[in-house]
Amino acid sequence: MNSTITKLLPFIILFFWSCSTTNQAPSEPEQFEIEGAAAHWVTADNLIWDAGEDAFRYSLYYSQDASITLHRTEVTGADFFEMEPGGEIEEELADRIRHIAQRPVFTLNESREDLREALKGQLVAVAYNESGYPVNATNVQIHGVLDDLYYYDGQLGPVYKDDSIKLKLWAPTAQFVSLTLFDDEKNVIGIIEPEDSDPENGVWEFDGPADWNRLFYRFNVKVYHRQRGEIENFEVTDPYSVSLATDSRYSQFVNLSDESLKPDGWDSLVKQLPVPTDISLYEAHMRDFSILDKTVPEEHRGTYMAFTHNGHHGNSLSDGMRHLKELSDAGLTHLHLLPINDIASVFESRDKRVDLDDPYDRICEVLEIEGLQENCDQYGDTPIWDVFRKWADEDPATKKIQATYSEDWPGNHFARHDGFNWGYDPYHFNAPQGSYSTDPDGVQRILETRKMVQSLYEIGLNIVVDVVYNHTHATGTSIYSVLDKVVPDYYHRLDPDTGEVENSTCCPNTAAEFKMMEKLIIDSIILWAKEYKIDSFRFDLMGHHPKYVMENLLDELAKLTPEEHGVDGKNIYIYGEGWNFGEVADNRIFDQATQFMMGGTGIGNFNDRIRDGIRGGFYAGSGRDQGFANGRYLFPNEEAGDPEEELNALLDQADRIRVGMTGNLSTYPYQNRHGDIVDGGHDMIGYALMPQESVNYIDKHDNETLWDNTQAKLPMDMGMEERVRIHLLSNAFINYGQGVPFYQLGTDILRSKSMDRNSYDSGDWYNAVDYTLETHLWGSGLPPAWDNEHLWEEQKKFLRNEIISVEKSHMEMTNRLFREQLQIRYSTPLFRLSKAEDVHKRVAFHNTGPDQIPGIIAMTISDGQCAGDMMDPDYDGILVLFNSHIEEQSINLGLEGMELHPVHQNSADSIVREAISENGSFTIPPLTSAVFVKPMDNLQGEFVCNSF
């Protein structure tokens, strides 16, 4: 090739290449990914973000039409604020967001007006390198800045005043909110504009005349939502709804002070509440309580109105209310109801539901599931309950029944369409659930809830409601989402890096560390206390809330007085599940409301230490490992381990029970199994500083019932009489201990759920209670697959064990003896000490240390001179003996002048009447608890106090 051409060849190629590209359309700049939501705008002036080491310059971009686009070289579709590295956040704020408080802080220097404008759209934080190119970009979490700029301490929801109604909605990030009004038929009758189209405080207000009363309404909220990255137009109900349409599709204007919504005598109902250590708690579910009760009119079964059949005001006394009244007469003080606020998991419209008294072919009609037609043709109009009973009679471990409930049949399974769910799926927090009302459309639910409360008090029972503020049923654009449509990304706790909603509770976790979620909780509790005269609140997964929120709640409740509000707020008892887990665990974000954090607050925590000591762990988790009351070491089951290990475990369980029976006081001194003098907090057992802070229990709605769990622990060949005595012995530890006793509905009649460990959606079949005692749910088929299938093979052996046959006589005797235990507890204040110092002095344990007789717990409670002021004019002291052996045991305690408690002397249990006190020695029958008393007129010797 010519050398000249060779030299020119590169230039020729470059010329032709440039000509070939000149006429091409310019390519789109390469886009840059926005990752997660790792920037936290925590105050008006500060943002926290770890932007990486390569960053040089930082900007906060905002767009009210959600058009932010990042390219490799630039950001388009948005305005921005510059962010300067450096700055500090206040200590109080840092303590509420510990998990991110050590990350880099940035400062913003912008006007409040500009900041408010930016918060109404999409937000992205961008970091640039020295060359001016984006190197990091992330969405922005806005909880803190909304608290800083928009916290509102006024009333929200419908506010009635004189002849007008004002409606208030806190929605500071919304671009616009309007209000749609509907008539009774849900026809639109008007769209109302807000008083201010850009409220400075973030509260959208709508003023209307008195004739808005009882109309239905929804908000129309135009707001940016990160789920789809768009400006959304949501139709949404009111988070502060006090009344709702069927299935919660519309909110309703209602004045809770309206006389038509009050039963006769409501305003004059002012309750005298007991001090917390005088409380006992009996946990029930609305449907469990009455769904099988044929003495309740059919239309009232499973509803608030079932409780009105209490023998007052011309009403008959139903079997269920008779059952409660007998417990109340024995001393029981509180009925605890699983959530009664509006929930998302049950259809309120009856025509969408299938219930067990429906004909079997309704399953086919409503569920429309392939493969069912054969059964429908076979059973036709036979009630579903009767079909299930036939299957269970044929095989107590049949799979057929659970298959109807579980998701073995995809999509429309029975559990979705029946009327049962525990209700831990809140939809609206301040309105009663409509499916428990005789008319779910509107105000009837309000009146009937009040009638229930009043009717319970007329038989001597106060009421507890279970509240679920730690999560909602849904977020985002779901039809069951409310809070997250009104203020997206605010009410829920988000992963600090990805921005995904945390769900360690089961469902979308709320974030009470932020002010408006805390306000919602406190506002809601105050409403239930004032408007429905609720006497106690049980907090679901309380450990997911900050400790200070619970303390602030106590302060607000204490402001309610009988004189001004008709409510004794200072004696409203708060307790909950102080479990330590999830993204908040170990105080990672804030000081939690967990067991070991709440000492001294007066708030109760469920005591799993005494629970596991008595019954052993839950069968589903610990298999056949036995507890102190059901055979460990003393009568081992077929799978028990090495005897020496079993003995060590038994003595450890005994220590846990002893500490639990002091009210689980961390400060209580005692001699442990090793012979060491330790306090209750040793080995992480005791956590309370006041007896009322320990809610002592062995079963509740979660996990297996006491009866079911015990059957899995016992030797397969043990007889029924012994099985019943073990059940009663287990409950005696709860009834005779300090603290607040808690029982599950039906534990006094050997309640079973056919070994279901999680009956949250298992329907009436597995959950209902029969007060006639003609039926018992043990052996009612294998429990639903969702949480039990891995246990089925072993459960079959228990459910088919012919020795385990619960008869009416067993349930009758258990009920009588359980009530005797209550009578003994309430016969003397010595079982209900309110102060830790009294427990320290008065409560003593004997038969302790390494040389103790295994299986014997001996506890004395003194009212003698060594204890200080006299509490009981009748008794100088009490001795409680527990014998977990299957044989009679004797023990010399050197206590003179003791006699069997009068209730035991006249007991329906002939065996406990055989317990003997003679010359300081005691003989106690097998599988028995016995209470001895020293009458004041028998002054043989000084009654013993705690010597440690």
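Select Asn847 to begin: at 14% relative accessibility, Asn847 counts as buried (buried is under 20% relative accessible area, exposed over 50% and partly exposed in between, with a 1.4 Å probe and protein chains only). Asn847 lies in the loop between strand S30 (843–846) and strand S31 (856–862); helices (H or I, at least four residues) and strands (E, at least two) are DSSP runs, numbered from the N terminus. Its phi is near 55°, a positive value in a residue other than glycine.

This is a predicted model, in which local features need pLDDT of at least 70, side-chain atom pairs count only at pLDDT 80 or more, and totals for chains, interfaces and linings use all residues. Residues are numbered from 1 along each chain as its sequence is written, and side-chain values use heavy atoms, with hydrogens and water left out.

Next, select Asp247, in the loop between strand S16 (230–236) and strand S17 (251–252). Asp247 is also a residue other than glycine with positive phi, here near 60°. Asp247 is buried, with a relative accessible area of 14%.

Now colour the chain by pLDDT, the predictor's confidence in each residue, from 0 to 100. The mean for the protein chain is 94, and 95% of its residues reach 70 or more. Over residues 1–27, however, pLDDT stays under 50, and the model has one contact beyond four places in sequence for them (contact means heavy atoms within 4.5 Å). Where pLDDT is low, the predicted coordinates should not be read in detail.

Around Phe539, not counting residues up to four places away in sequence, the residues touched include Ile521, Ile525, Met550 and Tyr575.

H14 gives the most, with nine residues. The lining residues divide into 14 nonpolar, seven polar and 14 charged (Ala, Val, Leu, Ile, Met, Phe, Trp, Tyr, Cys and Pro count as nonpolar, Asp, Glu, Lys and Arg as charged, and the others, Gly among them, as polar).
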